[in-house]
Amino acid sequence: MNEKIMRKKKLQLTFVFLIIIAATYLSSAVTEYNLFESVATIPAAFAWIFSNLIITQEALERLPDILEKLNETIFMSIAATTIAAVFSLFLALMGSKTTKANNILSVIARFVASLSRNIPVVAWSLILLISFGQNSVTGFLALFVATLGFLTRAFIESIDEADQKSVEALTATGATYFQIVSKAVIPQSLPQMISWILFMIETNIRSATLVGILTGTGIGYMFDLYYKNLNYNIVALITLTIVVAVIAIELISTRIRKVIL
Amino acid sequence: MAVQTSINPAVIKRTKSGKINIKSGNKIDLVVKWTLWILTLLTILAFFFFNYTGLQIERAFTETLYNLRVMFLEPALSHFSWAEAFYQVAVTLGLGVLATIFGAIIAFFLALMAAENLSKPWLSKTVRIFVAFIRAVPTVLWVLIFAIAAGLGSEAAVLGMLFHSVAYLVKAFSESIEEVDPGILEALRATGSNWWHIVVHGVLPSTFTYLLSWTFLRFEINFSVAVAMGAAAGAGGIGFELFMASGFYFDLREVGLITYLILIIAIILEFISTKLKDRYFPSTVKN
């Protein structure tokens, strides 16, 4: 018996590995990817990074400009996340099993969330760019739409996970829908929700760089500009400022999370 | 005596107007409140830092609504064929697969070094700091930096995407490894097994399904990353076609069709990973 299970497990394992190898081979063929060539470029790439991505005195003179753009990007991500969180809260209350008003609204809320999260942020920014033009609002809206879908799903999960007993207790006392939501549902899931909001702010700062390259705003645009001008010293400085900003925000949110969760 | 202390008026907290305070403030509530206030304040401030060049908000909104209607109700291909479209989707999926699989292999070894139950504290810390640094650099910057050294194409894209996949998976894998029953490791150590024996016969069998699920969850993310890299870093695939259709041809019908293609794949991937999450990770999965 035991031997049979072992043999079956081994067979499954072999099967998984075969699938992985086949998928790798097929993908390399489709994308014209050459493993050996790519491994060979790694040392060259790192040699290039260490010899070219150096922050010089000259680059440091551009620091005020860079910080201004970085500021814009960070504020854009925070604003997009917070405002999306407010809308997500309503969508999540409509979509969640415990707090939904009726089935039709619940389906609509889930559908809107799914649509906004599964269309990548790149697609949103390219679509919005056509009529909004090159300014912060385009990036803000693109991040807003993508965050809305993600946070709605996360909030629905947090609400569903919360303890049902207090909801039941309040229902038994004859509390209204809004009383139940504000006194039982939200206080229980709030720490979890804040944790998701902080996570999304971190993610959005990185996404904002990408959106910035596409829509010509913020630090992403700055990076793209100097990258295309082959001014790698400033490219290095911009990368470093982004790293410092992201790590700082990560540290702050880890501390907050440690207290509230 | 105990009763007396509990009704001692000095113990009961009162508000300034003399009412008994029924909300005892604790640290959690305080931090939650402050976090929300600061976020609100920063959000309001943000709108003063925005750059509004050339924005006509009302026209932009009505135009976008019109554009969205054209995109989603009249999708059509004009610059390439259906076969080409499917091929480009396959290229994007391929980039995602390669970055995920290579990322998983590298991440597995790094995770063994990062897991506290298998590694030394200094090694574990070094790997974690290294991974945190890698994660802080946006993927698009990695791809663009590698594009200079490796030339534009799938090599640079896969290498660039690899970095983030490794960083994400090391975190997930090392947490799974740390949850391995210490009894198993102890039993193996008692028999005199060396480190590799422990990994192959103790850690791998008990974590394999988790590692595979995490790898698939990363693949879901890597698909959208691959779309983004096609658009922003010229890595090819459906993302590049999307960029061309919207940025060069201004062909909304084509943008609509490409968006539909991406949406369908993304929803299928999300469906599979939700099933995996429900099965293997009963509590909320966090990045």
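The expected span of a helix is 1.5 Å times one less than its number of residues. Helices (H or I, at least four residues) and strands (E, at least two) are DSSP runs, numbered from the N terminus.

**View 1. Helix 11 of chain A.** Helix 11 spans residues 232-260 of chain A, 29 residues in all. From first C-alpha to last, helix 11 reaches 42 Å, close to the 42 Å expected at 1.5 Å a residue. Buried residues in helix 11 include A:Tyr232, A:Val235, A:Ile238, A:Ile242 and A:Val246 (buried: 20 or more other C-beta atoms, placed from the backbone, lie within 10 Å of the residue's own).

The model is predicted: local features need pLDDT of at least 70, and side-chain atom pairs pLDDT 80 or more, while totals for chains, interfaces and linings use all residues. Residues are numbered from 1 along each chain as its sequence is written, and chains are lettered from A and ligands numbered from 1 in the order in which they are written.

**View 2. An annotated domain of chain A.** An unreviewed UniProt entry lists residues 70-253 of chain A as "domain: ABC transmembrane type-1"; such annotations may be inferred rather than shown by experiment. This stretch is 87% helix and 0% strand, with its end C-alpha atoms 19 Å apart.

View 3. The "transmembrane region" annotation in the unreviewed UniProt entry covers, among others, residues 107-130 and 136-156 of chain A. Residues 107-130 are 92% helix, and their end C-alpha atoms lie 30 Å apart. Residues 136-156 are 100% helix, with end C-alpha atoms 30 Å apart.

**View 4. Chain A against chain B.** In contact are 65 residues of chain A and 67 of chain B (contact: C-beta atoms, placed from the backbone, within 7 Å). Helix 9 (residues 177-215) supplies the largest share of chain A's side, 9 residues.

How values were computed. A residue is buried if 20 or more other C-beta atoms lie within 10 Å of its own, exposed if 12 or fewer, and partly exposed in between; C-beta atoms are placed from the backbone. Two residues are in contact if their C-beta atoms, placed from the backbone, lie within 7 Å.
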